[in-house]
Structure formats: structure tokens, C-alpha cells
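Shall we walk through this one together?

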Amino acid sequence: MKQEELKKLVGEKAVDWVHNDMIVGLGTGSTVKYMVTALAQKIKTEHLEITGVVTSARTAEQARSLGIRLKSVDEVDHIDLTIDGADEVSADYQGIKGGGAALLFEKIVATNSRKNIWIVDQSKLVKQLGAFPLPVEVIPYGSQQLLTRFAAKGFHPSFRLTSDGQKVKTDSDNFIIDLHLGEITAPAEMATYLKQQVGVVEQGLFLDTVNTVIAGFDDGPRVFEVR
Ligand SMILES: O=C[C@H](O)[C@H](O)[C@H](O)COP(=O)(O)O
């Protein structure tokens with residue numbers, strides 16, 4: 001199966017976990033897009049009362065266009081379940097997220113969710129994290145200094161750029177520095193180091209976060225219950 005078909009497969013599978021009256025965190029990305037479409041369909045056909053909590057302007061726009069009722073993360077008293085994509089998932093179910101620059105809102109929503117499901121195609125499953133560049137969201141002020149510091153640490157940083165060469169701006173008007181690490185042997189230490197740097201708003205390691213991974217394989221979706 002093509003990667004796109006695998007994304008659709010897991011996106012559609014994930015809505016099996018959504019039940020009436022739930023408050024559901026809606027992640028961001030090309031895989032989540034299929035899930036949001038499937039969710040809107042399920043809400044209509046099964047007449048469900050669902051409230052969505054979005055993690056990006058992009059997902060908000062799609063969900064609204066499909067008639068999904070939305071509330072902001074600060075308007076709800078809990079989130080039952082969040083369904084999101086991931087850029088890499090390691091053998092011990094740690095993840096890198098933020099390939100779509102939505103890591104900050106995604107982490108806030110994930111942290112406030114009772115359950116987190118990640119939907120990925122099989123290419124995202126890796127032994128060890130780090131082949132995918134680790135996104136770090138930084139405030140613009142002083143960001144060149146951070147880039148220089150990361151370079152000195154051997155992290156091979158680069159500002160994420162748009163197709164016309166502008167620095168990518170997140171939904172919070174911050175920049176993204178991608179770290180080209182190759183491998184991350186000690187993710188917890190890396191996460192702690194990055195969060196301690198002044199000007200870093202969030203980093204893309206999502207550690208001990210996911211409860212269930214739904215991965216798309218050629219022979220169908222496989223469900224990994226993690227914690
Ligand atoms: O910032 C974006 C998110 O972390 C996405 O969930 C992640 O990049 C995976 O996206 P996709 O499903 O498009 O590969």
C-alpha cells in the first residue's frame with residue numbers, strides 16, 4: 001500500500017476509540033486530516049455529541065468546515081482522548097513530533113488528555129529516535145544566539161524555512177529550529193537540556209506520552225497498547 005493509503009487506514013481506524021459525549025483532542029498533520037474527516041462522518045451517521053479541542057489553526061479550519069463543534073483547551077474541564085500523528089515512534093514508544101510545527105499546542109493538549117493515541121504509517125516506526133530532525137520551538141528574540149549555541153553543541157541546527165526562504169512561524173508566532181542529530185541516545189537528558197535554554201518554548205520529544213499506537217501496515221492497521 002502507498003503511504004497515503006496507510007495514513008487513511010489508521011486515520012479511519014482511530015475513530016473506533018471515540019464514543020458519545022467525549023471531548024476529543026484533534027492533532028495536526030496529514031494523517032490526522034483523514035481522522036478528522038472520518039470523525040465528522042461518524043458524528044453525523046451515529047448522531048454523536050462530540051466536542052473537539054484543536055492543536056492548530058489548520059486543524060481548526062478543517063474541523064469547522066466539517067461541522068465539528070470546537071472548544072479551546074481552556075474552555076474544557078478535561079479531554080477524554082487525543083488522537084494525533086507523529087514523525088517518529090521508537091521501539092520503546094517515545095516520539096518525535098512537530099514536523100508540522102504544531103508541537104507546542106499538541107503537547108499542551110496531550111498533557112491534558114486522559115488518553116493519547118498516535119496514528120502513523122509503518123515508516124514512522126524506528127528503533128531509535130533521531131533520524132527525523134528534532135523540532136525546537138523558540139521565540140524569535142535571541143533565536144540566532146540559540147542556533148549558535150546548538151551548533152556549538154554539535155546538534156547541526158537549522159531554522160525551518162518556508163518554500164520562499166522565510167523562517168517558518170508557528171501558530172504562536174515563534175520560530176522552529178530543527179536539530180539534525182542522527183540519533184538520540186538519551187532522549188530524557190536531551191529534553192531537559194533543551195527546555196532549560198532561555199528562549200526555548202518547547203521541544204519535539206514527546207516522552208512517556210502515548211497510550212496507544214495505531215500503525216498502518218500493508219496487511220492492515222496494528223494496535224500497540226503501550227501504557
Ligand atoms: O507538528 C505536527 C505534528 O506533530 C504532526 O502530528 C506530525 O508532524 C506528523 O504529521 P504527518 O501525519 O503529516 O506525518
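Q: Which residues is Gly 99 in contact with, leaving aside its neighbours within four places in sequence?
A: In this predicted model, the contacts of Gly 99 are Asp 87, Phe 132 and Pro 135. Being in contact here takes C-beta atoms, placed from the backbone, that lie within 7 Å.

Q: Why is Gly 99 called buried?
A: The label goes to a residue with 20 or more other C-beta atoms within 10 Å of its own. Gly 99 has 22 of them within 10 Å, so it is buried.

Q: Where in the chain does Gly 99 sit?
A: Look at the loop between β6 (95-96) and α4; Gly 99 is there. Ile 176 is 77 residues apart from Gly 99 in sequence, and their C-alpha atoms are 9.7 Å apart in space.

Q: What makes β9 and β11 edge strands?
A: The open sheet runs in the order β9-β10-β8-β11, with antiparallel pairing. β9 (157-159) and β11 (200-203) each have a single partner strand, so one side of each has no neighbour in the sheet. From one strand to the next, the twist averages 30°.

Q: How do you know that β9 pairs with β10?
A: Pairing asks for at least two bridges between the strands. β9 and β10 (residues 175-179) are joined by three bridges, so they pair, and they run antiparallel.

Q: Which helices lie against β8 and β11?
A: α4 packs on the sheet and touches β8 (134-138) and β11, its direction making about 65° with that of β11. Helix α6 (residues 187-196) lies across β8 and β11, at about 160° to β11.

Q: What are the two domains, and what does each bring to the contact?
A: The domain assignment gives domain 1 (3-126 + 207-219) and domain 2 (134-203). Twelve residues of domain 1 and 14 residues of domain 2 take part in the contact. On the domain 1 side, helix α4 (residues 103-111) gives the largest share, four residues.

Note on methods
Residues numbered from 1 in each chain as written. Predicted model: local features only at pLDDT ≥ 70, side-chain atom pairs only at ≥ 80, totals over all residues. Domains from an automatic or database assignment. Helix = DSSP H or I, 4+ residues; strand = E, 2+ residues; numbered from the N terminus. Buried ≥ 20, exposed ≤ 12 C-beta atoms within 10 Å, placed from the backbone. Axes fitted to C-alpha atoms, helices over the stretch in contact; angles between N-to-C directions.
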